[in-house]
Each structure stands twice: as structure tokens, then as C-alpha cells.
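The sequence and structure are shown first.

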Amino acid sequence: MERFAGKSMSDGIAIGKIFVYAKDEQVVKCTKVEDVSKESIRYESAKERAIAELHHLYEVACKEVGEENAQIFNVQAMMLEDDDYNKAILNSIQSELVNAEYAVAKTGDSFFAMFAQMEDEYFNARSIDVKDISERIIKCLQGHIAGSQIGDEPVIIVAKELVPSEVVQFDKEKLLGFAMELGSSNSHTAILARMMNVPALIHIKSDPAWNGKLAILDATEGVLIIDPSEKVLAEYRKKYEKKLEQRELLRQLKGKENVTLSGRQIRLYANIGNVKDLASVIQNDAGGIGLFRSEFLYLESDHYPTEEEQLAVYKQVLSVMTGKRVIIRTLDIGADKQVDYFKLDKEENPTMGYRAIRICLDRPDVFKTQLRALYRASVYGTLSIMYPMIISVEEVRKIKEINEEVKKELKEKGIPYRQVEHGIMIETPAAAVISDLLAKEVDFFSIGTNDLTQYTLAIDRQNAKLEAINDSHHEAVLRLIKMTIENAHKEGIWVGICGELGADVTLTERFIEMGIDELSVAPASILSVRKAIRECR
Ligand code: PEP
Ligand code: MG
């Protein structure tokens, strides 16, 4: 028995055989897939990794052979972003229900043939590049699945390093846990492990001789035990059984309806801030995206995200969700979410200051760029647009006017878009109180209980000193929620909750009694909320 100390990235215990992960090449086989969303995500992640590899190659080649010769890698990265190429691959996955490797190989072959036939020398030469990029994605995909290498038995994977796109594409059923030599607890691989609920350690230097050996990975204690003694194994089996029991109870709810004992259906959606959260959305079987906090796009950027940059992200979210409802909230910055390049003035009271929709209505250039990107993305799925921090009917009417202008401009340019639903966040007491009037103006409401609590109780949600009295269960908050639901229903529109309170299972029954139609929660909370719904009368 040998013990190796590591650092926990994601809590939990795994017991099983070790698989030392190596990224071998595989032959492309055609296999039928059931979960096309998961397969589409595999493809998107592999593509992302391929693009990153090409950017890296460009940097290296610049030093070795000069910028001009290195350009080919940039050209290939651009080809990987090509709409027709990507559409053809995703269509193949989604309509023929085939694995991503096969879809890429097939599309690559037909694009290769198409370019090879062209008279134009430049395009003719691109045929080799299409072949090259397709092979690169397949390589990335094969590195990820490693399913056939792993075999049927679930394993603890040890590797020098795993990138997020690899982690997300391992067959979850076969992944008991993983340990890596490199990485950090704030890396996206770590975040992904937590989102997937897979125990994981870093700072573990693997040894090929471990392959096939029995091991215990205890990410709670931060230890990997190779060849454990019978006594240690028995101890851990007990600990593990307890954790497994709790998790299994929830996992059994995947694919089940969000229905109460008396037969009421509740829509259960996920909150995301990033395309990287989509894996967890799919893993946890969310029925849609109830809140995409689009401001993270702005926060992660050092410049105003362009229309094209935004379009790429929205399109990806809509494509992955394959027709399920996706509610994208327009920019909600200000207060605690400051973005340097907006150069917002320092304010005495930023929580009640120049933020969210107030900025958008004051800066139609910024607002219209986002709306154009949203409308252009609308053709890729079922999009709803939601507006934050509303306090008046006038704001909603102004938003509608701007929407009409954007649609008119798109129409004039012949750019296609679909009809979208428009909703507002009910997160100020003003909006809740006039929800009867606001309900006449929009298609849906989503109650932002985080801000609604803050503004109703006059407690800054960032103030740690007031934590103890910052009570979302306060009767005033609950009454405003009830009033909002009633007013929405009187006008025949649906209403959800996307604030943190939506995941509070001690209130699920109460919300259902109030008539809530939808709850949108963090992906990892989906199944526990589903359980709570199914236990409601
Ligand atoms: C809310 O206020 O409840 C909400 C969902 O929005 P955010 O937390 O992003 O302010
Ligand atoms: Mg809010």
C-alpha cells in the first residue's frame, strides 16, 4: 500500500482501478449516439482545443520560420470557425445521430473533395488544410473519449494534465475520479470537476506502473492510496457507500419529469454565466437555460465585445440546447460588476446607481450591438431575451422601441432572425408592485430574488456584516413574489424564479402553491430541486 498526498480540486471519494491516461490515436468508427446535445458539446470542445493548438503553433512557428510562414496556422484556425463547415458537422451529428468523429471525418472528406475540384489555385490549396483541420479535431476528440482504451469498467484516471474539454468528454459513467500532476484548484478543469460532482486531486505524479491497480482517491482528505490494505479498503467502502447513497438518489432523477404528486409540471432550467457551464447543464438534465448572465462576456473581455464575438457565444449556447428555451439576459453591469473599459464614474451608492438596463438605455450603441447579436443568433434555437433591473413601464416601452429599430435594420440588410419572447427580471420592489402593469407589456417574468431581497430589505447583498439579517425568506419578499405570480397569471403570462431562492428546497412547495411556472437554478442543483418538486403535493 502506498499513499500520495495531493490537493483537492473537487470533493468526494472514489474506489476503483487506475487508468493511466495517454492520448493515443484511434481509427474513426461510425457509432450511433442518443444524446446529440452531449455529442455536439464534444465537438465544440474539441474544436476549441484545436483552435487553441493552432494559435499555439502560430506563436511557435513565428519564432521558428517567421510570421509570414506561420500565417497558415491562423488561416486554419479561421477555417475551423467557418459557418458552413461547422453547420455541416453539427447537422450530421443531429440529423444522422452519429458520433462527432464520424461527422467530422465525413464533412472533412466532402469539403476536401469540393476544394480539390476548384480551378482557383488558392482554394484548391485549401483542400489540404480542410483535411488537416478535420484530422486535428478528430485527434482532439479521440484524446477526449478514450472510451475504448478505458474499457467497460469505471476507473480513476490519472494523467499529467487534463484539459476541460477532455474531462467533459470522458464517459461520466466510467469516470470515478481523476488525479493530475499539474493544474490548480481554480482552473476550469477543477471547476468542471466540481460541476460534474467528480472527486479530483492535483499534485499527484502518476506512474505508468499504476495502470490497472486498485486505488482509493479521497479528495476530502487529499490522498491517493494505491493497493490499499483490506482494512483501509473496508473503511473507505463504508465512507463511500454513504456518499454514493445520497448521490445515487439524485442521479436516478435524470430523465424524470418535474412533476408534483398532484400532477403539476414545473419547468426546471439552469443558470449559466459561460458556455463552459453548458456541460453541467446537460449533465444535470436541465430543461433549458433560465438565465444566461451575459455580462460575464463583458467582464471577461478587455474591450466591448463585438457583435460577432457575442454572436459566436449566443449561437453556441442555442445550438447546444437544440431547441430548448434559452433565456439570455442583457448586460447587467454596475454595482459589484465593474468593467474598466466602460469607465463608469465612482458612485456613492453603486447598488442603487448607474447599472444594468439604465446603462443600456443610456448607451443605445452598446445595447443595440448586443440586441443585433441576439437576433442574429435567434435562428439557431429558441431564444428569449430578458431585461434586468426594471422599475417602470416606460423603460419597457423604450426597450421595445429599440428592439423595433434593431429588427428594422436587420430586415433592411436582409439578415434573418426569428421572433423571440421578451421578459423582464422582477428584482426591484417597484417592479413587483407594478407587476400588474408590466405584465401587459411582456411575455414572461423572472423573479430575481437576490436583488429583490436586497432592495426590499434595504440590505446591500455584498455587506458581510449584515449577512445574518439578509433573509430572503422575509415575509415581505415572499409577499412580493406571490403578488408578482398572481399579476403575471392574471395577464396570462408565465413567471419563474432565477435568483438563488429558486434552489432553496425548503421553499419549493410554497412557490408551487403560489403558482410558480419555472425555477432556474445552478446546474448542480437541478436534481435536488427536481426531487423536491416530485415530493410536493
Ligand atoms: C437576482 O438578482 O436574483 C439575479 C438572478 O440576478 P443577479 O444575481 O445576477 O443580480
Ligand atoms: Mg439581479
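Buried means under 20% relative accessible area, exposed over 50% and partly exposed in between, with a 1.4 Å probe and protein chains only.

This is a predicted model, in which local features need pLDDT of at least 70 and side-chain atom pairs count only at pLDDT 80 or more, while totals for chains, interfaces and linings use all residues. Residues are numbered from 1 along each chain as its sequence is written, chains are lettered from A and ligands numbered from 1 in the order in which they are written, and side-chain values use heavy atoms, with hydrogens and water left out.

**The sheet**

E8 belongs to an open sheet of eight strands with mixed pairing, in the order E1-E8-E7-E3-E4-E5-E6-E2. E1 and strand E2 (7-10) are at the edges with a single partner strand each, so one side of each has no neighbour in the sheet. Strands (E, at least two residues) and helices (H or I, at least four) are DSSP runs numbered from the N terminus, and two strands pair if DSSP finds at least two bridges between them.

| Strand pair | Sense | Bridges |
|---|---|---|
| E1 (residues 2-5) and E8 | antiparallel | four bridges |
| E7 (residues 214-218) and E8 | antiparallel | four bridges |
| E3 (residues 13-20) and E7 | antiparallel | five bridges |

Val223 in E8 is the bridge partner of Ala5. Ile216 stands opposite Ile225 in E8, and Ile15 stands opposite Ile216 in E7. E7 and E8 form a hairpin with four residues between them, and Gly222 in the turn has a positive phi of about 80°.

**Nonpolar cores**

A nonpolar core is a set of buried Ala, Val, Leu, Ile, Met, Phe, Trp, Tyr and Cys residues joined through side-chain atoms within 4.5 Å. The largest one has 88 residues, of which Phe445, Ile481 and Phe511 touch the most other members. Helix H14 (residues 364-377) gives the largest share of this core, seven residues. A second, separate core has 27 residues, including Ala50 and Met79.

Glu427 lies in the loop between strand E13 (421-426) and helix H16 (429-433) and Asp451 in helix H18 (residues 449-457), so the pair ties together parts 24 residues apart in sequence.
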